[in-house]
Amino acid sequence: MSYTLRTQVDGEFDDIVEKTIDALEDEGFGVLCDIDVRETLKKKLDEDFRQYRILGACNPQLAHQGLENDLELGTLLPCNVVVYDDDDGVVVSAVDPQRLIAVAENDDLDPIGDDAYERFERVLESL
């Protein structure tokens with residue numbers, strides 16, 4: 001069983017990253033952090049790696065609802081979206097918020113996971 005939602009996109013890597021950020025913003029997510037894995041691995045380990053970015057996405061409204069219900073939910077935030085080069089194009093993959101939130105074993109959080117899932121689906125479809 002997969003723990004991500006995923007799509008493959010044709011285009012230039014940097015353009016796809018920007019389109020992904022824009023699509024996230026259209027769905028109410030801000031990107032709180034942007035980690036350039038390729039640059040980090042080169043700097044820290046002197047290793048070459050494919051282009052790979054981790055975008056820490058957070059929808060403030062959904063996060064607030066979740067945290068009001070369960071303060072420990074913050075350990076699962078932000079939701080990560082990755083963009084990376086693959087042999088056949090650029091892959092954009094988001095954590096499945098329904099699966100992520102399920103670890104809290106709190107049924108009151110399910111609607112938040114469902115909402116975030118639908119938003120991530122729309123983000124990926126828009127690319």
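I began at the hairpin: β4 connects to β5 through two residues. Helices (H or I, at least four residues) and strands (E, at least two) are DSSP runs, numbered from the N terminus. I kept in mind that this is a predicted model, in which local features need pLDDT of at least 70, side-chain atom pairs count only at pLDDT 80 or more, and totals for chains, interfaces and linings use all residues. Residues are numbered from 1 along each chain as its sequence is written, and side-chain values use heavy atoms, with hydrogens and water left out.

**Sheet**

I checked the pairing of β4 with β5 (residues 89-95): the two are antiparallel, over six bridges. Two strands count as paired if DSSP finds at least two bridges between them. Within this pair, I found D85 opposite V90 of β5.

Next I looked at β3 (residues 52-58) and β4 (residues 79-86). They too run antiparallel, and six bridges join them. I54 sits opposite V82 of β4. G56 has N80 of β4 as its bridge partner.

**Helix packing**

What angle do α3 and α5 make where they pack? I read about 160° between α3 (residues 60-69) and α5 (residues 110-126), with the axes 10 Å apart. α3 is therefore roughly antiparallel to α5. The axes are lines fitted to C-alpha atoms, for helices over the stretch in contact, and angles run from 0 to 180 degrees between N-to-C directions. Angles under 35 degrees count as roughly parallel, over 145 as roughly antiparallel, 65 to 115 as roughly perpendicular and the rest as oblique.

I listed the contacts (heavy atoms within 4.5 Å). From α3, L62, Q65 and G66 meet I112, D115, A116 and R119 of α5. I sorted these contact residues into three nonpolar, two polar and two charged. Here Ala, Val, Leu, Ile, Met, Phe, Trp, Tyr, Cys and Pro are nonpolar, Asp, Glu, Lys and Arg are charged, and the others, Gly among them, are polar.

What caps the N-terminal end of α2? I found D36 there: one of its side-chain oxygens lies 3.2 Å from the backbone nitrogen of R38, and α2 spans residues 37-45.

D46 follows α2. I noted its positive phi of about 55°, although D46 is not a glycine. D46 belongs to the loop between α2 and β3.

Last, I checked L77 and P78. A cis peptide bond joins them, with omega about -10°. P78 lies in the loop between α3 and β4. Most residues other than glycine have a negative phi, and most peptide bonds are trans.

Definitions and conventions. A polar contact is a pair of N or O atoms within 3.5 Å; within protein, one must be able to donate a hydrogen and the other to accept it, and residues adjacent in sequence count only if both atoms are side-chain atoms.
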